[in-house]
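Colleague: I'm new to this one. Can you put it up and walk me through some of the charged side chains?

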Amino acid sequence: LSAKANEQNLEQQRQQEEVAKLKAAANGAVNKALKSKEIDELKKALEGAMEQGIDDLQTKRAVASLKEEEEKKVLTDKLQEAIKERNMEHLKEAIAAGKEGKVLE
């Protein structure tokens, strides 16, 4: 190969390696976020995965986990507000919603 073709091949190989590193980092972030179940961490990891074009089983699990954690947060906030208000009717509604959403067992 000519020197120019060889240089182009090396540059292409470097770019492919960089893409592979970015994808590996995004996958690692998704796995870490799945373990933590932190909403902000899940969002950030999913954003990184989407930027890298990753749409695998772990990413789908992270999307489902994010949805579940956001629902839990809403229900937990309702419970806390009902407790703060000391309103029995709101508290009963919040407990029922928590049980329905499986936040409370």
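Modeller: A term to begin with: a salt bridge is a side-chain nitrogen of Lys or Arg within 4 Å of a carboxyl oxygen of Asp or Glu. This is a predicted model, where local features need pLDDT of at least 70, side-chain atom pairs count only at pLDDT 80 or more, and totals for chains, interfaces and linings use all residues. Residues are numbered from 1 along each chain as its sequence is written, and side-chain values use heavy atoms, with hydrogens and water left out.

Colleague: How many salt bridges does that rule give?

Modeller: Six. One of them joins Glu-68 to Lys-72, with the closest N and O atoms 3.3 Å apart.

Colleague: How far apart are Glu-68 and Lys-72 along helix H3?

Modeller: Four residues, so about one helical turn separates Glu-68 from Lys-72. Helices here are DSSP runs (H or I, at least four residues), numbered from the N terminus.

Colleague: And which residue does Glu-69 bridge to?

Modeller: Lys-72, at 3.6 Å from N to O. Shared partners link Glu-68, Glu-69 and Lys-72 into one network.

Colleague: Is Glu-69 buried or exposed?

Modeller: Glu-69 counts as buried because its relative accessibility is 12%. Buried means under 20% relative accessible area, exposed over 50%, and partly exposed in between, using a 1.4 Å probe and protein chains only. Lys-72, at 25%, is partly exposed.

Colleague: What does Glu-69 touch, apart from its sequence neighbours within four places?

Modeller: Lys-37, Ile-39 and Leu-42; contact means heavy atoms within 4.5 Å.

How values were computed
Helices (H or I, at least four residues) and strands (E, at least two) are DSSP runs, numbered from the N terminus.
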